[in-house]
Amino acid sequence: MDFYTLALGLFMLCHGSYIALTRAKAKHQKARLDFMKKALGRPIGFSIYSLIYVILPIGFGAYISYAGFNNVSLSTIFTG
């Protein structure tokens, strides 16, 4: 078990979950979401915002956490 890899993965999972739960209530998140919706339209802005700030961090965090459980270091993940 690689603890640095696992810690980064869990941090990304928590960050993505936090954004998903607070995107409509936290002022800084609401400002980002409103800007995206205003610039790109409601459905596309919301979709891109969700992809960038929620789906990618949660998905990549899950992948890195899985690698951390399997004793794969960060340098191995990013260099191949």
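Which residues make up the largest nonpolar core? The answer is a set of five: I19, L33, M36, Y49 and V54. A nonpolar core here is a set of buried Ala, Val, Leu, Ile, Met, Phe, Trp, Tyr and Cys residues joined through side-chain atoms within 4.5 Å. Buried means under 20% relative accessible area, exposed means over 50%, and partly exposed is in between, with a 1.4 Å probe and protein chains only. Two elements, α2 (27–40) and α3, each give two or more residues to this core. Helices are DSSP runs of H or I with at least four residues, while strands are E runs of at least two, and both are numbered from the N terminus.

Before we go on, keep in mind that this is a predicted model, where local features need pLDDT of at least 70 and side-chain atom pairs count only at pLDDT 80 or more, while totals for chains, interfaces and linings use all residues. Residues are numbered from 1 along each chain as its sequence is written, and side-chain values use heavy atoms, with hydrogens and water left out.

Leaving aside residues up to four places away in sequence, V54 touches G16, I19, A20, R23 and Y49; a contact means heavy atoms within 4.5 Å. S50 is found in helix α3 and is buried, because its relative accessibility is 9%.

Further along helix α3 sits G61. Is G61 buried or exposed? It counts as buried, because its relative accessibility is 0%. Again skipping residues up to four places away in sequence, G61 touches G9, M12, L13 and L56. G61 and G16 are 45 residues apart along the chain, yet their C-alpha atoms are separated by 8.4 Å.

L40, I44, I48, L51, I52, I55 and L56 form a nonpolar patch on the surface, with about 600 Å² of accessible area together. Areas like this come from the Shrake-Rupley method with a 1.4 Å probe, and for residues only the protein chains shown count as cover. Patches take residues with over 30% relative accessible area and no salt bridge, joining like charges within 9 Å and nonpolar side chains (Val, Leu, Ile, Met, Phe, Trp, Tyr) within 5 Å. Helix α3 (residues 42–69) supplies the largest share of the patch, six residues. Take I52, found in helix α3: it counts as partly exposed because its relative accessibility is 41%.

Now for the rings. There are three aromatic pairs in the structure, where rings of Phe, Tyr and Trp (its six-membered ring) pair if their centres lie within 6.5 Å, with planes under 30 degrees apart called stacked, over 60 edge-to-face and the rest tilted. F60 and F78 form a tilted pair, 6.2 Å centre to centre with 45° between the planes. This pair links distant parts of the chain, with F60 in helix α3 and F78 in helix α4 (residues 74–79), 18 residues apart. F60 is partly exposed at 33%, whereas F78 is exposed at 53%. Ring pairs join F60, Y63 and F78 into a cluster.

Finally, charges. Side chains of opposite charge can pair when their charged atoms come close. The count here is one salt bridge, meaning a side-chain nitrogen of Lys or Arg within 4 Å of a carboxyl oxygen of Asp or Glu. D34 and K30 form a salt bridge through their side chains, at 3.6 Å from N to O. D34 and K30 are about one helical turn apart, because they are four residues from each other in helix α2.
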